[in-house]
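Trainee: I would like to learn how to read a helix and its surroundings. Could you guide me through an example?

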Amino acid sequence: MTPAGKRIALMTFGVLALAAAGGYTATHLALKHGVQLNTYGNEVGGSFRLMDSTTGTMTDQTFRNRWMLVLFGATHCAEDACAPALRNMSAALDQVEGGRHNAVIIFVSLDPDRDDAERLRQYGESIGPRVVSGTAAPFALADLAKEYHAPIEKVPDPEWTYTMRMSPQFVVMGPEVRYKGVIDARADSAHMAEDLRRIMQPQNGE
């Protein structure tokens, strides 16, 4: 290889190494970032700060003026319950909102050791465009789950070693991050749609 070729190869390697280090650093900082939660006076729910599927940060303010339906679980979900729940809620929102997208489903992974940004991105894409996935450091997730009244339960699994149990309910937060109610996460899409209409329609003026 000529001296010029060696210089180009070294420069290319350096750029790739910096890019990889940058991605790792972004993920590491996002997971380690401390979270100061605020209930905003809600009995259930409130603020959150999560690493999203692009290694960026999303907060409750990212979705201000939109309805948020918050579900806790993991991509390795006990009884494979999370994906059906997310798909049913996506279908229910399509029934209630039609082509509008005034609501977003926030899927919070309780398994940051396995659910990195790339896995969360792939998982969200496999469900549909209404689902936004995120996670945080274990201590931050514990505080957030407590705020949203979501249990954290690790379940032994013969194939995956362990899975995380899905929270039993979607927590519904209104456009101003106000708690509006819950919807059974194991219901079918028709029942979810019925509950969504009951919860969302009286507040159309929000």
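**What covers helix 5**

Mentor: The buried residues of helix 5 are covered by, among others, strand 3 (67-73), helix 2, strand 4 (103-109), strand 8 (169-173) and strand 9 (179-184), where helices (H or I, at least four residues) and strands (E, at least two) are DSSP runs, numbered from the N terminus. This is a predicted model, in which local features need pLDDT of at least 70, side-chain atom pairs count only at pLDDT 80 or more, and totals for chains, interfaces and linings use all residues. Residues are numbered from 1 along each chain as its sequence is written, and side-chain values use heavy atoms, with hydrogens and water left out.

Trainee: Which residues of helix 5 are buried?

Mentor: Buried means under 20% relative accessible area, exposed over 50%, and partly exposed in between (1.4 Å probe, protein chains only). An α-helix has 3.6 residues a turn, so residues three or four places apart point the same way. In helix 5, the buried ones are Met 192, Ala 193, Leu 196, Ile 199 and Met 200. Seen down the axis of helix 5, these buried residues fall within an arc of 130°, so they line one face of the helix; the arc is that of the directions from the helix axis to the C-beta atoms. Glu 194 and Arg 198, on the other side of helix 5, are exposed.

Trainee: What follows helix 2?

Mentor: Helix 2 is followed by Gly 98, whose phi is positive, near 65°. Among the buried residues of helix 2 are Leu 86, Met 89 and Leu 93.

Trainee: How many helices and strands are in the chain?

Mentor: The chain holds five helices and nine strands, and 45% of its 206 residues count as buried.

Note on methods
Contact = heavy atoms within 4.5 Å.
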